[in-house]
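Subject: Structure for you to look through

Dear colleague,

Please find below the structure I promised to pass on to you. Once you have had a look at it, read on for some notes on what turned up in it.

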Amino acid sequence: MHDDVDPNARGRLTAVDLTMLRVRRFTRYRIAPAVHRERRAVTVRAWPVGGEPVAFGHATRQEFAPFAIGEAWGRPWDTVWFEVTGEVPSDWDPADTELLVDLGFTDELPGFQAEATAYRPDGTIVKAIEPRNTWVPLETAGAFTRYLEAAANPLIGTPFVYEPTPLGDPATAGDAPLHRLADIGLARRDRVVWELLQDVIVLDGLVDVLPPDGARKAQVVAALERMVDVMDPDDVAGTAALGRAALAPALAVRAADSALRVSAVGHAHIDSAWLWPTRETVRKVARTFSNVLDLQDRDPDLVYAASSAQQYAWLQESQPELFARVRAAVASGRIRPVGGMWVESDTNMPGGEALARQFVLGKRWFLEHLGVESDEVWLPDSFGYSAALPQIARAAGARYFVTQKPSWNETNRIPYSTFLWEGIDGSRLFTHLPPAETYNSDLGAADLARTELRFAEKGRAHEVLGLFGWGDGGGGPTREMLAAARRKADLDGSPRVRLIDPHTFFVEAEAELAEPAVWTGELYLELHRGTLTSQHRTKHGNRRNEALLREAELWATAATVLRSAPYPYDELEAAWRIVLLQQFHDILPGSAIAWVHQEAERNHTRITGELEHLITASLSGLAGGGEEQLAANAGPFVRSGVAGLGIGAVAPPVPAEPRPTPRGFALVDDALRVVVDRRGVVITMQDRASGRELLPAGVPAGVLQLFRDTPREWDAWDINEEDQRSGRELLEPESVGIEGDSVVVRHRFGASTAEVRLRVVDGRLEHAFDIDWHESQKLLKLAFPLDLRTDRATSEIQFGHLHRPIARNTTWDTARFETVAHRWIHVGEPDFGVVIANDVVYGHDVRAAAAPSGRPMTVVRLSLLRAPRFPDPAADQGRHVFTVSVRPGGIPEAVVDGYAQQLPLRATTGTPVSPLLTVTDPAVVVEAVKLAEDRSGDVVVRLYESRGGRASGEVRTTFAWDAAVATDLLEREIPSDAVTRSTPGDAVVIRLRPFEILTLRFRR
């Protein structure tokens, strides 16, 4: 509701406007204050923690000091415990007796401010206190004590002005109190007045969305005016029933038969970290679940959906009594664990195996601890969705997918609300984009009107999903939202609203839409493209530990199977949990506060050390104690004479010896001839086998380009294409010279330095970067103009690759100006192509251009570093190292180079060890080798077809097994056409479709 009017518009006010001014003023200043008609003072004492949160038992043993209303409290990120004592009068109905708390809330979004958890003296949680949920029930008359654990969370970024803030890092946040205790008091709620207020809110909302000249709007306005007329402004409590009676006829008018039906599911999208650290998310989860349980005690029809096994695990560890109540609610069906993932992860950047493990660990946890398995993927807020996700999700047992994020697109609107989403292998998920375009709905009139406006299948279907409850920072549904749902169950002017679980919605939506449309490929988000580059160290730690987890599992499996070594189940699972948490969609994308990324970097460093220890121990036990110098190859392909997945003697390739030339420096091996000029850029790159020059005449490659990076909004999230009109090339290095087997180029620009080592080895031109980066709001790209005419670029994604057009024929093409690739990108003509691979770059752009000669060329650029100022003003500052390689080749060479970049050979000593298995078709790639999750000792192998075609061959093993079966990701046997024959102890004959993932379980 609103009662402010633009003074310039007063002369144009209609009769309806004038009536609503009267109604809204009466509501705000008469009805709302009368909801709590009697109040009593309470006694407040406080104890500031002065550091990280402490347990209830520890806090309540401390010495509390008197604390006055209006007093400042809470330095940034601190916790203050308030002890509140008082007495409920004996003539007050406990059901309507409440403790009202205002910690100093503002009108900004809930979940981003101070919050509190209310405890009984026995340590059990009552519920939370939030900016839109400020009441705590008091169950009995007489004396009471409640403890409030108040979190002094800074209000960061809301309203979103995207200016640098020191508040995201405890080291710079300061010590000044952030909040002022506005009120704590005992109050008696007048239930009739409260119900009247909910009636008014619902009807008032309709006034803003109904057709302006329609009969229904006139009826609603007249009812609201009658309500004001019949009530006494000096006796709201005494005349509230009359007001309700005046509104009842308008609330009784039923919705039209054609109205949409909104399946309203309680929800609180809780970011596992964002503008707060994970330790605060632990408390946000507890606060939100306690709110939900309290509401469900009052309204058992509320069904609440919550994703992320990690968050349930936090609750189990931090609040076991509350978790037990949640588990009981899950058993009764009132709380629905959804999504089946460890966290709501990013889906652009995690590797294929990591994205699979999100489901493996998430679903396993839900099955083991809650006894349930969901069949939907629940990712309402991730920044785009990989075309590999449908197959991965189907392999984990999912059928449905829900998100609202594509509604954020800047340019284009996906033309469907309910459709089939098809991935790169042909797998499909029944998908729904809630047309309210929010996961934080309050079920208000605006959200429901938007639902009807945006629902693309109107006329063919009427089932839509509505996610209601305060989210991002948690909080969940409120009693006011439930009141709105009840009144809108069948109300003219609104879609019908029913409280239901998400599975029922999907089943019914799928049944009513017999032939849904099909969307093929990625769900690209036309926004937040900078998240492919921000916070490089977090991304580097992720890529490194994904590789180390593969190595650790492979060598531990081999050591167990071949040498009977104990398998480190617990250590590996703990490592996976930490890595998967860092893939949350505000951590890996680089869009969180400094505290979050500092913690992520520490976590990655620790996990790296632990995995290196596991790998060393496994290799030591596996290869024995010999002195022969060997290399362990965890990659799937032969490298330097060492078999893929094996350990053997290495014959490393000899790098080309650089030599001076009149034009600069030449690097030549059997496959490539490269010339680097005195500017430190490549001016010739020739494929010696074909004699073809890769570069357009007169156009250098390997050029560092520095651009302004000042997004219109969403600093860490966004790259705006217009900023790339204001850039310069780094063509004046401090030095260029030969050092060993490399041409070394050193640049100094702004406050930064960059060292680039160029060498040619094994037919590849490598650029090894060591950059000390101290820029602000700058974007650093690496450009490779290529003498190729092509209409598409091919980018590696999870378990395959994706073709994207590079022409800008449509608005969809134009909006896709920065895209994700994992370890490689390929551009080519039918008989010749170029592979650009990397060890930790995700953001790329590829465009068609004209060379100075006028001939067409293709420009590939990699986004190396950014320097956004919000929410972390020190983002990306410091040293960064990474490697990029370029070579002529096709998709097969691209796949090989990608694994070579991520999985370098590992030096070891001992006796050569044959691979546990080999695959006869080189198009079939082994992605993971591990022991089964159920700890049976069975060997699990995950493979996929990597080239986009049909593949068939044998998986041959060097270990004994009794049977081999195809399984889902949770390693449960499934029927599969991919396994055509198996011979125990010898080989499995397989046949794969393009990009098909196959999980084999070898029973031992």
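Helices and strands here are DSSP runs, a helix having at least four residues and a strand at least two, and they are numbered from the N terminus. The model is a predicted one, so please keep that in mind as you read.

The side chain of D381 makes a polar contact of 2.6 Å with the side chain of K405. Setting aside neighbours within four places in sequence, the residues in contact with D381 are H269, D271, T403, Q404, K405, Y439, D472 and H585.

Although D472 is not a glycine, it has a positive phi of about 70°. Most residues other than glycine have a negative phi, and most peptide bonds are trans. W77, again not a glycine, has a positive phi of about 70° as well; this residue is found in the loop between β4 (72-73) and β5 (79-88), and at 4% relative accessibility W77 counts as buried. As for peptide bonds, the one that joins F870 and P871 is cis, with an omega of about 5°, and P871 has its place in the loop between β43 (856-866) and β44.

Strand β44 (residues 878-888) itself contains S885, which counts as buried at 2% relative accessibility. Which side chain does the side chain of S885 meet in a polar contact? The partner is the side chain of Q901, at 3.2 Å. Beyond its neighbours within four places in sequence, S885 is in contact with R764, L765, E766, V835, I836, A837 and Q901.

Turning to the helices, two packed helices are described by the angle between their axes and the distance between the axes. Helix α4 (residues 215-230) packs with helix α5 (residues 236-251) at an angle of about 165°, the axes being 8 Å apart, which means that α4 is roughly antiparallel to α5. Their crossing is right-handed. On the α4 side the contact involves R216, A223, L224, R226, M227 and V230, which meet T239, L242, G243, A246, L247 and A250 in α5; by class, this contact has 8 nonpolar, 2 polar and 2 charged residues. The buried residues of α5, among them V236, A240 and L251, pack against α1 (15-31) and α3 (191-209) as well as α4.

A second pair is α7 (residues 309-318) and α9 (residues 352-370), which pack at an angle of about 40° with their axes 9 Å apart, so that α7 is oblique to α9. Here the crossing is left-handed. A309, Y312, A313 and Q316 in α7 meet G362, W365, F366, H369 and L370 in α9, and by class the contact has 6 nonpolar, 3 polar and no charged residues.

Lastly, in helix α11 (residues 445-454) the buried residues are A445, D447, L448 and T451, and what covers them includes α3, β13 (261-267), β20 (463-468) and β21 (496-499).

How values were computed: Residues numbered from 1 in each chain as written. Predicted model: local features only at pLDDT ≥ 70, side-chain atom pairs only at ≥ 80, totals over all residues. Heavy atoms only, no water. Axes fitted to C-alpha atoms, helices over the stretch in contact; angles between N-to-C directions. Parallel < 35°, antiparallel > 145°, perpendicular 65-115°, else oblique. Left-handed = near helix turned anticlockwise from the far one by under 90°. Contact = heavy atoms within 4.5 Å. Nonpolar A, V, L, I, M, F, W, Y, C, P; charged D, E, K, R; others polar. Buried < 20%, exposed > 50% of the residue type's maximum accessible area, 1.4 Å probe, protein only. Polar contact = N/O pair within 3.5 Å; in protein donor to acceptor, adjacent residues only side chain to side chain.
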